[in-house]
Amino acid sequence: MGVGGIAMRTLDRLSCLFRIRSDLAEIDPLWDEVESELRVWVPLTERTRSDFRLALTEAVANAILHAHGEDGRPLDVEVIIERGRLEARVHDSGPGFVLTESDVTRQSSTVESGRGLGLLQALAADVQYLRDAASNELSFALAVDWPSTRDLS
Amino acid sequence: MKVFSETRNGELWVKPVGALDAAGARVLREHADQLEDSTSSNIAVDLSDVPFVDSSGLGVLIALAKRAMRGAGQLRLVGAGEQPRRLVHLTQLDRFFQLEPEAPSTLP
């Protein structure tokens, strides 16, 4: 590339790892960091950005409330940007749970809690929960539409 | 999350400022609990400075609505932006919550 040229790089896959303490107060600052990276790398619509925030918030809150507790242990959140896909993986080392189909609208309208995973499943595709002896991973993906190359000039 | 409140014309106005996620919901719930002895059965929650609500935040709003209904009052959500409105729609709580566009609160 000569001086004044334009660098074009195919964005095949970009992974960003964020480590937070297992504390509900960490979720909002985590989103600030995730959003700042997304703004650099992905031209998302406001609706997609908002849905991703809600899905990510529910996934992280679920790990803090039901896996770790607010014990301050490290909790890793990986955001993966691929062509046509925005994925998040939340890793925890708690006792785990069984992920079942949950309909966010099936519950009574006056229930005050228990909507988190149902919302996640309503917003995202490919919601998975993987468990092994050492850790658990809750992942989800949103379909997105953006150009396959990014001008790096 | 900060929460302001005032009573005006017999209605309790509550104004959270910040994200109403699990941490923010906890602050709002604690603030609401301190107002349990309020004589107002009608409650208005000004959401004009709440850019984001998750399921925990929604849970606190439902709790406030129940509190209002126990006193034969009602809960109004005023000034909600696009994301809180979408959440209410996604959870099919449109008919449960009274959403109003304007936020005539005098709170900061």
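In this predicted model, the side chains of A:Asp51 and B:Arg86 meet in a salt bridge, with 2.7 Å from N to O; a salt bridge is here a side-chain nitrogen of Lys or Arg within 4 Å of a carboxyl oxygen of Asp or Glu. Across the interface of chain A and chain B the rule finds 4 salt bridges, and the structure holds 20 of them over all chains. The contact between the chains, where contact means heavy atoms within 4.5 Å, takes 22 residues from chain A and 24 residues from chain B. About 2000 Å² is buried between chain A and chain B, and carbon and sulfur atoms give 58% of this area; buried area is the accessible area (1.4 Å probe) that two parts lose on being put together, summed over both.

Residues are numbered from 1 along each chain as its sequence is written, while chains are lettered from A and ligands numbered from 1 in the order in which they are written. Because the model is predicted, local features need pLDDT of at least 70 and side-chain atom pairs count only at pLDDT 80 or more, whereas totals for chains, interfaces and linings use all residues; side-chain values use heavy atoms, with hydrogens and water left out.

Within chain A, a salt bridge joins A:Arg53 to A:Asp28, the closest N and O atoms being 2.8 Å apart. A:Arg53 lies in helix H2 of chain A and A:Asp28 in helix H1 (residues 27–41) of chain A, so the pair ties together parts that are 25 residues apart in sequence; helices (H or I, at least four residues) and strands (E, at least two) are DSSP runs, numbered from the N terminus. A:Arg53 is buried, with a relative accessible area of 13%, whereas A:Asp28 counts as partly exposed at 28% relative accessibility (buried means under 20% relative accessible area, exposed over 50%, partly exposed in between, with a 1.4 Å probe and protein chains only). A network of salt bridges links A:Arg13, A:Glu82, A:Arg85, A:Glu87, A:Arg89 and A:Asp126.

In chain B, the side chains of B:Arg76 and B:Glu100 meet in a salt bridge of 2.4 Å, N to O. B:Arg76 lies in strand S4 (residues 75–78) of chain B and B:Glu100 in strand S5 (residues 98–100) of chain B, so the pair ties together parts that are 24 residues apart in sequence. These strands belong to an open sheet of 5 strands in chain B, with the order S1-S2-S3-S4-S5 and mixed pairing; two strands pair if DSSP finds at least two bridges between them. The edge strands, each pairing on one side only, are strand S1 (2–8) and S5 of chain B. S1(B) is joined by 7 bridges to strand S2 (residues 11–17) of chain B, and the two run antiparallel.

The largest nonpolar core has 70 residues, and those with the most contacts inside it are A:Leu38, A:Phe52, A:Val60, A:Phe140 and B:Phe97; such a core is a set of buried Ala, Val, Leu, Ile, Met, Phe, Trp, Tyr and Cys residues joined through side-chain atoms within 4.5 Å. Helix H2 (residues 46–68) of chain A gives the largest share of this core, 9 residues. Among the residues that B:Phe97 touches, not counting those up to four places away in sequence, are B:Leu58, B:Leu61, B:Ile62 and B:Val88.
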